[in-house]
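Let's take a guided walk through a protein structure, step by step. Have the sequence and the 3D view ready, and find each residue as we come to it.

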Amino acid sequence: MIQSQSSPAGHRRVSGPALLPPAAVASAARSAAVHADAAERERRLNDETVRLLTRAGFTRHFVPRAWGGTEGTFGALLDAASAVGAGCASAAWCGALWAAHGRFAAYLPPDGQRDLWAASPDTRITAVMGPSGEATPTPDGWLLSGSWAYASGVAFADWLLLTSAEPAEQGGGCRVFALPREQVDVLDTWGADGMCGTGSHTVVVESVAVPRHRSFLLADLTAGTPGPGRARCHTVPAQLGGGLLFCAPALGAARHALEAWSRWAARHARDLPEAAALRLHRVLALSADEIEAAQLLLRDAAQRADAETWTERDVARNRRIAASVVGLLARAVERLHRTGVRSEGAGPDVVERCRRDVRTVAGHRMLRREQAAVDYARSVFSEVSAELSGAELSGADLSGIEVPHAEI
């Protein structure tokens, strides 16, 4: 396992299961692969795939143990989601988000958690964290109305988490509200070029009463605020663990594209002129380099998210890594696609589908490289400034330090 270069030396791994059940994950991955083309056409996952993702433990992965959940690790989820992503990136996306949203719901008060998980820890939860709609306070809670776009996997959701801002006189903060699926309407609006099977449609809520115990502050989730009954996996800042989970489906898709492309190249390279064959060799090596580098970076980020201690630099570094990784994966698959080959005998072009899926993931707002770079630079410069101030206070002689110049 790669060790963090920026985290405290006292990092220790959190105890917990090393993996989601491998056989169950493999079954879900096979089903995802078999139904990938249909999921893309129909813009929804196959029922069997959803059932097998649930059986594999995705939905319960971060659910508190008090409700029968696993309180698992980011590393285990990264490996499982990327394995499913090699069959269908949309299936991996929904599975990873169902897991992540179970972690979010752990911020509900105990009575709210009971509403979601008293019957089973395998509740499928769809969440939209971008604030929208209107939340009007009432004596018993809130009256929620509005529309929320990009509700991934909503066709199979049991509950939803929707975010809205309170009125200014109530503090103006954002709150997350839990609603049963039957209290929302779904508008068929998902028409992206890739990740079609996620069915990330728009949900509409019309004056639904949300009791007080079914809400929590978004700021607590973002910061990873500790609280009663919250395990270590629940108190991870959103930016420390979230981005790597968005990348997991893209990693699986990129590996699948590389495998399909390699099968084609192995059959045809022998019959090509030397220059053309050499071009294939270079494409293979460069894309494999980028995909393997992305995998190593994500595992490093997962280790940091699963460690018992973290710093603000760790949070910024993981965000930087997620944005960088999805760029590596997009370039690798784009390079494979530019060769113009088709995965013969496998129906629709696998490389083309993977390219669209990875490109769509890369466009997610959580993976914007510019903001990630700004946040990382701020964390680094803040630490450097503190060190320089400390050295000046101690009377250290800094005159001999040279700052190297490098072109960006």
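Arg 356 is buried, with a relative accessible area of 14%; buried means under 20% relative accessible area, exposed means over 50%, and partly exposed lies in between, using a 1.4 Å probe and protein chains only. This is a predicted model, in which local features need pLDDT of at least 70, side-chain atom pairs count only at pLDDT 80 or more, and totals for chains, interfaces and linings use all residues. Residues are numbered from 1 along each chain as its sequence is written, and side-chain values use heavy atoms, with hydrogens and water left out.

Which residue does Arg 356 form a salt bridge with? The partner is Glu 40, and the closest N and O atoms are 2.5 Å apart. A salt bridge here is a side-chain nitrogen of Lys or Arg within 4 Å of a carboxyl oxygen of Asp or Glu. Arg 356 sits in helix H11 (residues 350–362) and Glu 40 in helix H2 (residues 36–42), so this pair ties together parts that are 316 residues apart in sequence. Helices (H or I, at least four residues) and strands (E, at least two) are DSSP runs, numbered from the N terminus. Both residues also belong to a network of salt bridges that links Glu 40, Glu 334, Glu 352, Arg 355 and Arg 356.

Glu 71 and Arg 65 meet through their side chains, 3.0 Å from N to O. Glu 71 counts as buried at 14% relative accessibility, whereas Arg 65 is partly exposed at 47%. Next, look for the salt bridge between Arg 299 and Asp 79, at 3.7 Å from N to O. Arg 299 lies in helix H9 (residues 274–306) and Asp 79 in helix H4 (residues 74–85), so the pair ties together parts that are 220 residues apart in sequence. Arg 299 is partly exposed, at 35%, and Asp 79 is partly exposed too, at 30%.

Now turn to the strands. Strands of a sheet pair through backbone hydrogen bonds, either parallel or antiparallel. Here, two strands count as paired if DSSP finds at least two bridges between them. Strand E5 (residues 174–180) is largely enclosed by the rest of the structure, because six of its seven residues are buried. E5 pairs with strand E4 (residues 159–165) in the antiparallel sense over seven bridges, and Ser 164 stands opposite Arg 175 in E5. E5 also pairs with strand E8 (residues 215–217), again antiparallel, over three bridges. There, Ser 215 in E8 is the bridge partner of Phe 177.

Helix H6 (residues 110–117) comes next, with Gly 112, Gln 113, Leu 116 and Trp 117 buried. They cover an arc of only 115° around the axis, which puts them on the same side of H6; the arc is that of the directions from the helix axis to the C-beta atoms. The buried residues of H6 pack against helix H5 (89–105), strand E1 (125–128), E4 and E5, where contact means heavy atoms within 4.5 Å.

Our last stop is an open sheet of four strands, in the order E2-E3-E7-E6, with antiparallel pairing. Strand E2 (134–138) and strand E6 (185–187) stand at the edges, each with a single partner strand, so one side of each is left without a neighbour in the sheet. E6 is joined to strand E7 (residues 201–211) by three bridges, and the two run antiparallel. Asp 185 stands opposite Val 204 in E7.
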